[in-house]
There are 2 protein chains.
Amino acid sequence: MHRTRIRVAEDALDANQTIAAANREDFDRAGVAVVNLMSAPGAGKTALLERAIEAGLGETRIGVLEGDVQGSLDADRIAHLHVPVAQLNTDPGFGGECHLDANMVRAALAELPLAEIDLLAIENVGNLVCPAEFRVGEDARAMVCSVAEGEDKPLKYPLMFRSCELVCVNKIDLLPHIDADLDRLLANIEAVNPDATVLKMSARSGEGIEAWRDWLAALPRRVAATA
Amino acid sequence: MHRTRIRVAEDALDANQTIAAANREDFDRAGVAVVNLMSAPGAGKTALLERAIEAGLGETRIGVLEGDVQGSLDADRIAHLHVPVAQLNTDPGFGGECHLDANMVRAALAELPLAEIDLLAIENVGNLVCPAEFRVGEDARAMVCSVAEGEDKPLKYPLMFRSCELVCVNKIDLLPHIDADLDRLLANIEAVNPDATVLKMSARSGEGIEAWRDWLAALPRRVAATA
């Protein structure tokens with residue numbers, strides 16, 4: 001059984017790569033830079049998107065694709081900020097897929113006003129494993145890691161941390177109230193991904209939000225410069 | 001592609017059910033009650049097992065099977081408490097499986113001294129989606145939900161909350177420092193699983209640990225009574 005499942009997964013990943021490349025071409029043609037935003041459940045992806053949008057992204061017009069197993073709670077939150085948003089639910093497949101894949105994102109493209117945005121933030125399903133395996137056509141990958149999850153997460157979920165160019169270390173306002181050691185968390189991130197940009201922030205206190213906002217706002221220019 | 005993947009998943013679930021039943025028979029024969037402990041990454045599964053073991057489980061002799069994508073950090077922590085522990089890593093499959101399945105647990109059975117324990121706690125991979133889909137031969141399912149993850153998690157990951165008979169609401173010591181509303185979290189749990197036992201606790205402060213310890217210690221008697 002195990003061998004069979006692995007072979008099927010590899011086939012699925014092959015197909016996923018093909019569709020991700022097609023998505024990427026469509027995004028490039030529309031001049032839209034895409035960030036795939038990932039994290040464990042409740043690390044603060046939506047809250048950090050809200051804070052960045054509220055802080056203002058300058059000339060950069062953002063749109064958001066929300067991925068969830070069920071419901072539209074996050075899309076409803078983003079819609080209040082008057083930016084284009086679409087909700088993708090993964091629950092038609094297999095009791096709820098634990099990640100977005102390129103084909104799901106492809107199905108959502110028609111719902112997104114690509115001509116009216118410069119940046120698409122795709123908020124993945126909350127999960128530190130499988131989302132890292134499936135490219136969806138993104139230019140950049142960012143993840144949110146809450147200090148409340150403990151300092152050992154980079155060592156337990158190394159592929160996720162390794163596959164992201166930006167790690168947002170969120171909820172730093174909680175540091176005085178938890179046992180997690182920030183320096184050890186940062187050292188663990190460095191150990192698995194020495195090239196990552198690491199930004200410390202708190203969606204609740206607002207600390208560090210400007211650097212995150214600036215990273216998002218600059219992504220379309222960075223992508224255009226490397227095209 | 002999507003239709004193919006769903007069919008394969010159903011086949012895998014069929015095979016999983018067969019192997020889970022075989023595991024269950026082996027556990028029953030050995031007189032071992034089994035709890036499948038699940039949560040998002042960093043919710044506190046290991047810390048709550050540590051606190052329960054430290055508090056003492058009375059006559060109940062516990063063993064622990066730790067499931068992680070990589071590494072043995074959690075098994076090392078449990079080993080310090082001088083209870084039998086085995087580590088199962090999922091990374092040989094597909095860049096790291098995001099859940100334990102019955103076949104993985106079956107492969108670990110030989111590593112566990114079933115004759116010397118009454119209760120086996122299987123700590124699943126941190127993930128609120130797929131672990132709920134795969135029975136591993138357990139008698140009971142419990143999950144840990146950290147208040148730091150926010151009050152909306154039962155609505156976003158309903159299958160997980162629905163499939164557990166016990167929900168440990170952990171990190172309640174953080175409530176004064178976060179925006180999450182405990183009453184709304186409890187109402188959301190009730191909405192998706194009105195039959196769940198819900199225990200509030202904090203691995204850090206020790207609040208509520210006795211009720212959790214008592215639930216664990218009583219599981220072998222409850223399982224025997226319904227056999």
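By what turn and what shift along the axis can chain B be laid on chain A? Hi everyone, let me walk you through this one. Chain B goes onto chain A by a turn of 180 degrees and a shift of 0.0 Å along the axis, with an RMSD of 0.0 Å; the copies are superposed by least squares on the C-alpha atoms of residues with pLDDT of at least 70 in both. That is the relation of a two-fold axis.

A word on the background. This is a predicted model, where local features need pLDDT of at least 70 and side-chain atom pairs count only at pLDDT 80 or more, while totals for chains, interfaces and linings use all residues. Residues are numbered from 1 along each chain as its sequence is written, chains are lettered from A and ligands numbered from 1 in the order in which they are written, and side-chain values use heavy atoms, leaving out hydrogens and water.

Now the interface. Here 54 residues of chain B touch 55 residues of chain A. Together the two chains bury about 4400 Å², 62% of it on carbon and sulfur atoms; that is accessible area (1.4 Å probe) lost on being put together, summed over both.

Four salt bridges link the chains, each a side-chain nitrogen of Lys or Arg within 4 Å of a carboxyl oxygen of Asp or Glu. In one of them, B:Asp74 pairs with A:Lys156, the closest N and O atoms being 2.6 Å apart.

Finally, look for B:Asn127: of the residues of chain B, its C-alpha comes closest to the rotation axis, at 3.0 Å.

Technical notes
Contact means heavy atoms within 4.5 Å.
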